[in-house]
Structure formats: structure tokens, C-alpha cells
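Subject: Structure handover

Hello,

Here is the structure we talked about. Please open it first, then read my notes below.

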Amino acid sequence: MSAIPILEARKAQIHQKGAEPFDITCGKHSLAGSVSQRACVFCGSRVVLYPIADALHLIHGPIGCAAYTWDIRGALSSGPQLHRLSFSTDLREKDVIFGGEKKLAAALDELIDAYRPKAAFVYSTCIVGIIGDDVAAVCRKLAQDKGIPVLPVHSEGFKGTKKDGYKAACDALFRLVGTGSTEGISPLSINILGEFNIGGEAWMIRKYYEEMGIQVVSIMTGDGRVDDVARSHGASLNVVQCSGALTFMADMMKETYGIPYIRASYFGIDDMAKALYDVAAHFSTQPTVMETTRRIVRREVSAIMPELYRLKGDLSGKRAAIYVGGAFKAFSLIKALRYLGMAVVLVGSQTGSKADYATLQEMCNAGTVILDDANPLELSKYIIEKRADLFIGGVKERPIAFKMGIGFCDHNHERKIPLAGFEGMLHFAREVHASVTSPVWQFAPARKLAGHREEEFRA
Amino acid sequence: MLLRHTPTEIKERSALTVNPAKTCQPIGAMYAALGVHGCLPHSHGSQGCYAYHRSALTRHFKEPVVAATSAFTEGASVFGGQANLVQAIDNIFTVYNPEVIAVHTTCLSETIGDDVPQIVAKAKADGKVPEGKYVFHANTPSYVGSHVTGFANMTKAMVEYFAEANGLKSKTINLIPGYVEPADMAEIRRLATVMGITTIMFPDTAKVLNGPLTGKYKMFPEGGVTINELQKCGSSAGTVALGRIASMPAARALDAKCKVPCQILDLPIGLTATDAFVDTLRQTAGVSVPDAINLERGQLVDTISDWHQYLYGKRVAIVGDPDQVLALTRFLVGLDMRPVHIITGSPSGKKYEKSLRDAVARVPDAVNIRVPGDMLLFHQWLKNNPVDLIIGNTYAKYIAKDEDIPLVRYGFPIYDRMGHSYFSTMGYRGALRLMEKILDAILDRKDRDADDITMELVM
Ligand code: SF4
Ligand code: SF4
């Protein structure tokens, strides 16, 4: 078949639709020695909590874990910018030997006095799990002394995958829920969960809901505020985006406060409209809500359609490869790309579940490659084999796409352009169009032939 | 005002780092290892660290960065990572087939106390390392030193593992370029080549992290020092090592192991430092300086004389890595500028600090120096005593914006501009480029601030 060897143990994590009965292995820890594109538990927690802009985020560990997560995400805040600074206990050798609790307490003491945050999150990194600091005890003590919630996040990197990090973040966040007053919350109210306000997406979505007459009590965690989270238990419905991140929260809120939840995606026209209609349907006792919703959808869709059609003209028949963090995002992307007349020839994710991959396989055409936890060699192999024109991924994938001379769209959390909502769909189409039709690709002629010369690119 | 949270009043902080001017050892080790031909860096620890290191390097170089991980789980964290590393070595040679694997540790594997040489020996004994392939390692605990230490340790490991004295001294000169850009490495080598000197340079990331678009993804690009060269460097006539912090350990180790005498110099940033470099090369290799180089030097001196009036007396704040900061400070003082706030985040020792103080001895203003310091302190100094120019990495742009001070981006990381991996700042030509950047920043500001009456056409 091809010159790129794939480890026996990896084969079960790759599936080609139509080739054999569907069965894919996933949710596994990455193999030792793999060049996985995945991250750690800490990364998952940091992603979820990062957008809470009036909280202090202190990373307890050696400097690196803090340095690499310093302001690298596109989660915007309309107010405080405290989340964009980097605070680290910067553990040194003697702390590793004698323990870091004293240093942690001193750091929190200094920081809370200096910045007066509404709450503090303390992230444990791998080393803290090994040296055995009692982070929870230090947090309890400081919470008492300073009179603000000081919440430990149990995010030691080795204790699982990024998904476990989402869970650890939700556990910490949940301790804030129910601590605020629910006064003045309308019965027509929701929380938006799993929306991080990348490029201002949460603002757009909130505007739609508010126009429908729905009160948005809190967004977890986009443009997040501690006080909003504290009173979020007063909302009537939780609207949860994405497969992994905040589902844990929705479950806990359902169990403790009896708040039902529905799932939503805000990406692509169909999914965005559905997200609004589903909420309207939930509040069907108020017939005006559904009416307004229809009007909004009509208005927004007709505003973007003419340009979308124009872009589609150039993009029809092009092929796309998708490799993203969560599988849920891939679902929306496949639909959105269809809108642009593009076919998906490869789709993979870092954290998809078995059910996710089953859905993917139903959605895709025959011959589409489905991958769990892929490495760059596998990605490049299939991109060339399947002659993709576009790659959708994150920071580590971008230069791989460019080296192969194909377009790229960043659908990760570092971008500052909103891709959600109706307007976002237009941004997405423009970005895809600009990249796929870039004049630079005519200078990368090797690409057209490369499919027949696989043996070479293994170096 | 993104950094509105920065208090003007400076308080000594005992237990924390805010907005670090450094990061952790493994990323430096990874960068050094990428400068070995056909090398796959391997992170012996859990999954998150190396994902961060790869992403950070990718953001800086806009190039694919590969590395593998031992992917520690809870089990490995309790029982040690031997099984993971042995399996990783096996998998890596099977799937990715590099020439050599460069293992570095992380805080986690260091704290657990894994004995990497013993594990590698076991892998060898078990037949996991194919004939003609290599594994080497460096210990890189991040609670000691910084990313520069990691670079120094990995570079030293190249010597310790590979250098051999064959009894015959060749005429070759070893160059250890330090933690600099691929373009700088190429320029350092070019100077020696123009002088007619045969060199072995390690590490060498030129053409690895600034490679061409070819239409295919190559896991192991063209550049890098070969293992054969590393073996032969033990028989060279001498070593010229640039940058005391990043390059001295390797140079000393080579002297001790193979009796190759070494000269340790500043990075060749600016006129005087380049003079010293060229002169040392001349003496060590017993060659004369060709006209081509004298021409470059003369052009630099000429340009300094042309533009001195705009540089004279300008107050500058510098933050960056220790070797760069020292050489740059000397260069600026030589241009009659006044470095007044100087910080490196890397712990670099008393002797280093003294060199820095000596370098600014003739600056008439009060000079703040902190080794190691962070960007919060840097910003506070600036608030209290403003300057005309900031030189620092991308993170300094927030300070520059808030305080409305021109910025020249220099150092690591640079996430938001092009050029650093293509245009060197070393040697006489590099000094011209640095001056161009500095003058552009200063004069653009002058033009911006000039009123209609005093606006000048000719400068
Ligand atoms: S644990 Fe250590 S090696 Fe890993 S990112 Fe953090 S500081 Fe760096
Ligand atoms: S040390 Fe642990 S928590 Fe920090 S980046 Fe590495 S894996 Fe993640």
C-alpha cells in the first residue's frame, strides 16, 4: 500500500470508510514514542477556566507550564484582562525537595492582595502530584484569610487526557455555582456552557438569544465572570456546546439543581439555526419567542447568502481534511464545508469517543479516512493520498499543510476571528476561500505529483 | 490598557514569577536536538510538556516541529518510566526511522528519578536500537536554570556522547553558535567559510527550521550537524564557542574529553564582538582576514558614523536571554546609547551579572539590572523611569503599547512578526540589520511625533 509504516497498535485507531466494517479504537492514552498532537490534563483545565477574566489563575509548578499558556488563546474579555497575565510559583530545586506549600501560600497571599481578584484558581501540574503538596489545604486556608473562593484545580498532567482536565476544571468551577443570589433572573433564561468567546463568538451568540427575549445568566466560560457563575443555578436551561468540555458541568447542575440541558453547536448555518430553534422550542409557552427566532434566522441567513454563494463558486469540488480537538466540532465542520460544496476526505480528532466516530462515519462519504489521535506522518500521508486542498486544524498542523502546498484554516482556540454564528460562517468561508485560492500554491507544483511519490517524503 | 493591572509601586516578591522572561529547559533541549541531522527529540515525561514545546517552537518558526513523548501515565509516575522509554525507542525506530533520538527529561521524570542512561542501555541490550542508529540524552529539570540551560545541556550531551579524538589533529574549527536563530547559525558559519576555514558547527538548525516549501512534508529536513561530524569534532584544531551561558559547557566538555582547546566569546552582536570573533577565528585557524570581510566591517563603521546622531543618548530597556542581553548591551553602549533597564529571566550567576554591570559602567544614567527578573518588574521599572526604546520578545509588545514606547522585537519567542529566522543579527551584516530595526523604530516615532513645522524630510 504505502511506504509509511503504521504501528500495529495504531491500526485500530484509523479507519477508512467502506473498507471494512466500522470499528475504531479511541480514548486510549497515546502510545509511548508516538508523535501525538495531543496535550495534557492541565491543558484541558486551563482551556476551560482561562476565559474567566476577573479570577486569578495561579499555576503551581515549574515555570514552563505557566509560560506556555500565557495569553496564547483568543478568548476575549470585555472587562478585566487579569486572565491574560501569567502567574507561576516557579518551583525551584529546593521546593521540589522540601515541598512547595509555603511558596504557594506566600504567592497567593501576595497576589490576592495585589490584584484583588473575585476568586482564585490554583492549577496543580505534574510535579505537584509527585511531591505531594496539599494544595487543597493551602487553598482552604487562603480562602479563609482573604475572604474569596480559592479553588484547587486537580490538573496534574499525567493523570489522564485533556478530557480529564475538562472534568477537573468543572469540578472547581462547580464549587462557585450556587454561591450567588438568583434575584432578578427571568424564567426565560439560560446559561451558555462550553463557549469560550474566541474572537468574540460568545458575544454574537448572546445577542441572538437576547433578541429572542431570553436572558443569558452566565457564559461558561467565555468573557466569564465569577459572579455570573455564582448565580448560574438560577437559569432555567443549560445550552451546552461541544462534546467534552462543559458536559460534566451540565450533568452536575442537572443533578444538583434540576436544570435540564440541551446540546448545541454554533458553527455553520444549520447548526446555528438549530441552536436557536431548540432553545425557542424549550420556551414554547411563550409563542413570541419562536416567532422572533424565525425572524432572526431569516434575517441573518439572507444577509450572508449572496457572498456565500459567490465563494462557493470557487470552492465547489475542493477537498478538505479536518483534524481537531473534539469530534463534535468535526460534525459541524463537515456540514459547513458541504455548504461550500467541499468534500471531506479525512477527519480526525484528539479526543473523540466511539459514539463520536460512529457518527462521523455515518456523515462521511465512502473512502473518507477517520483517525483518532493522529501523528504528522499519518496526516500528511492521507492528505496527499486523498489530494486534499485544505487542512483544518490547530497551531501544530498549520506549517504541515503549508509545506505540502495546501490551504489551511485555523479552527482552534488561538484565532481572534469569530467563526461561530451566522456572521462567523461568512468569516469561515472567506478564510477558507482566501487560503485555498491563494496564488502562492501555483509555486508548489510538487504537490500535484506527490501522490505518486509517497516513498520520497518519508525522508 | 492590557496591562492595566500592573502596579507602579514595586514590591519585592518572594514566591512568585509574574509574566516570565524565561521558560523551561526541555524546549531549549528540543531546539538544540533539532540542529542534529535526522534527529527526533524525545520528551521523557507526560504528554503535555512536549505538546507545549512543539507548539511554542512552531509559533516562533512557523515550521513543523516534531518530537516524541514517553506519554507517562499514573502508573509510570509511580513505578518509573523505564518501560515507557524502552517501548518509545522501539516504536520510534520502527515508525519514524530517525538517525538518532535525543532524549530529554522533564520535571516529572527528574522528580521520579528515572536513570535515563541505564534505560537507554537496556533498550540497546534488548536490541531496540538498530545498527548504525543512536540514542543520546540530557537531563533537563526545569526547576533548575531555564530554557537556555536546557539548550546548553543538550549541546554538551552531543560532545559527551559522540566526540572522539582519533589522535590526529585536523585543521577544522568547531563552532558552537549558542541559542540563536537558524539565520544566525548560517551567518556565523558563512563568516568562517569566507575566511577559508573548514568548520563543524553544532547544533545547526539552518535549513531545519527555515526550510523551503517543497510540496511535501519531510519529518527530517535537510540541515543539521551529522553524527559523523560530531564524532570528528574531537579531532578539530580548536573550538570557538559563542555565548558563555549557552555554549561554554559543551566547549569545556570537549576540551576535557578530547583536548580540543576552546575560546569562549560573546555572541557576535555588533562591531566589537564581531571583531573579537573574526580575530579569534583568524588566530585559531592561522588564516588572514579577507577583503570581503574587511569591506563588511568598513560598511558597518561607516553606517554607525552616519547615524550616530540619532542613537546618541537614547535610553533603552532590554529583556531577553542572557547571552543576547550581554552582547546587545555592549553593542548599544558602543553606539552611544544608554541601556538603563536590563533583565534576563534566566538564572545566570553572579559572574554574569558582574559582566553586565561592567558593560554599562560608562552609562551616565542609573541602571537597573536584575538576573533573574520577570516582565512584571521590567514593566514597573519602565513605568517609573520611561525609555526611548524597548528591545525584547513578542510579550514586550503589551508593555510597549501601554506605555507608548517603540519596540524592536528581538529574542525568543517572536510570535507576531517575520524575519528572525531568515535575517541574521550576528556579524557585521547582522549589526547593520539590527541598526536598521533600531533606527526605524526610533525615527518612525520621531516622525510620528513631529509637528508640521519641525517635520524633517532628510535625516
Ligand atoms: S513540567 Fe517542567 S518540563 Fe513540563 S512544561 Fe512544565 S516546566 Fe516544562
Ligand atoms: S508538567 Fe504535566 S501539567 Fe505541566 S505541561 Fe507537562 S504534562 Fe502538563
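How many salt bridges does the rule find across the interface of domain 2 of chain A and domain 3 of chain A? The count there is 1. Please keep in mind that this is a predicted model.

**Domains of chain A**

Chain A splits into domain 1 (8-34 + 309-450), domain 2 (41-173) and domain 3 (189-298). The C-alpha centres of domain 2 of chain A and domain 3 of chain A are 28 Å apart. Their contact involves 23 residues from domain 2 and 21 residues from domain 3. Together the two domains bury about 1,800 Å², and carbon and sulfur atoms give 69% of that area. On the domain 2 side, L76(A), C170(A) and L173(A) lose the most area to domain 3, together 30% of what that side buries.

Now the polar side of this interface. D227(A) and K118(A) meet through their side chains in a salt bridge, at 3.3 Å from N to O. Between domain 2 of chain A and domain 3 of chain A, 9 residue pairs are in polar contact. Two helices of chain A, α2 (41-49) and α8 (162-174), each supply at least two residues of the domain 2 side. α8(A) gives the most, with 6 residues. By class, that side has 13 nonpolar, 4 polar and 6 charged residues.

**Chain B against chain A**

This contact takes 76 residues from chain B and 77 residues from chain A. The two chains bury about 6,600 Å² between them, with 62% of it on carbon and sulfur atoms. In chain B, three tyrosines lose the most area to chain A: Y52(B), Y143(B) and Y217(B), together 12% of what that side buries.

The rule finds 2 salt bridges across this interface. E63(B) forms a salt bridge with K403(A), and their closest N and O atoms are 2.9 Å apart. The polar contacts between chain B and chain A come to 18 residue pairs. Several elements of chain B each supply at least two residues of the side that touches chain A, among them β2 (39-44), α4 (82-95) and α15 (375-384). α2(B) gives the most to that side, with 11 residues.

Ligand 1 lies between chains A and B. From chain A, its shell includes P62(A), G64(A) and C65(A). From chain B, the shell includes C24(B), C49(B), H53(B) and C107(B). The elements giving two or more residues to this shell are α3 (63-67) of chain A and α2 (47-61) of chain B. The shell holds 6 nonpolar residues, 4 polar and no charged.

Ligand 2 has residues from both chains A and B around it, so its site is shared between chains. Among its neighbours are C40(A), C65(A), C126(A), C49(B) and Y52(B). α2(B) gives the most to this shell, with 3 residues. The shell around ligand 2 divides into 6 nonpolar, 4 polar and no charged residues.

**Salt bridges overall**

Over all chains, the count is 46 salt bridges. One to look at is R299(A) with E211(A), whose side chains meet at 2.7 Å from N to O. R299(A) is in helix α13 (residues 287-315) of chain A and E211(A) in helix α9 (residues 201-211) of chain A, so this pair ties together parts 88 residues apart in sequence.

Best wishes

Conventions: Residues are numbered from 1 along each chain as its sequence is written. Chains are lettered from A and ligands numbered from 1 in the order in which they are written. This is a predicted model: local features need pLDDT of at least 70, side-chain atom pairs count only at pLDDT 80 or more; totals for chains, interfaces and linings use all residues. Side-chain values use heavy atoms; hydrogens and water are left out. A residue is near a molecule or strand if one of its heavy atoms lies within 4 Å of it. Helices (H or I, at least four residues) and strands (E, at least two) are DSSP runs, numbered from the N terminus. Ala, Val, Leu, Ile, Met, Phe, Trp, Tyr, Cys and Pro count as nonpolar, Asp, Glu, Lys and Arg as charged, and the others, Gly among them, as polar. Domain bounds come from an automatic or database domain assignment. Contact means heavy atoms within 4.5 Å. Buried area is the accessible area (1.4 Å probe) that two parts lose on being put together, summed over both. A salt bridge is a side-chain nitrogen of Lys or Arg within 4 Å of a carboxyl oxygen of Asp or Glu. A polar contact is a pair of N or O atoms within 3.5 Å; within protein, one must be able to donate a hydrogen and the other to accept it, and residues adjacent in sequence count only if both atoms are side-chain atoms.
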